[in-house]
Amino acid sequence: MEKPDRTTAPMGVSVFRHDFRSIRRFAERYHERIVFWAEHDRGGHFASLEVPELLLADLRAFFAALR
């Protein structure tokens, strides 16, 4: 099986407590440009409904990193 190419597009990850727990070192295997990573102690799969203030802050920080 051929190893997939690493992505080069800018990527941001927000990890919320009650959702799938992403592990950065595994993400870095396949994504070359992780420009934003945040882990939160609350929220879950529906972060936009549960903790919209955290998600919005993360979106702003991600796009600010691209300036």
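Among contacts in this protein (heavy atoms within 4.5 Å) between residues at least 6 apart in sequence, 56% join residues at least 24 apart. Keep in mind that this is a predicted model, where local features need pLDDT of at least 70, side-chain atom pairs count only at pLDDT 80 or more, and totals for chains, interfaces and linings use all residues. Residues are numbered from 1 along each chain as its sequence is written, and side-chain values use heavy atoms, leaving out hydrogens and water.

**Overall layout**
- You'll find three helices and two strands here, which are DSSP runs (helices: H or I, at least four residues; strands: E, at least two) numbered from the N terminus.
- Starting at the N terminus, the order goes β-α-β-α-α.
- The C-alpha trace spans about 40 × 30 × 15 Å along its principal axes.

**Inside and outside**
- Out of 67 residues, 24% are buried, meaning under 20% relative accessible area, with exposed over 50% and partly exposed in between (1.4 Å probe, protein chains only).

**A nonpolar patch**
- Leu-56, Leu-59, Phe-63 and Leu-66 make a nonpolar surface patch with about 360 Å² of accessible area together; areas come from the Shrake-Rupley method with a 1.4 Å probe, and for residues only the protein chains shown count as cover.
- Patch residues have over 30% relative accessible area and no salt bridge, with like charges joined within 9 Å and nonpolar side chains (Val, Leu, Ile, Met, Phe, Trp, Tyr) within 5 Å.
- A salt bridge puts a side-chain nitrogen of Lys or Arg within 4 Å of a carboxyl oxygen of Asp or Glu.
- Leu-66 sits in the segment after helix H3 (52-65) and is partly exposed, at 36% relative accessible area.
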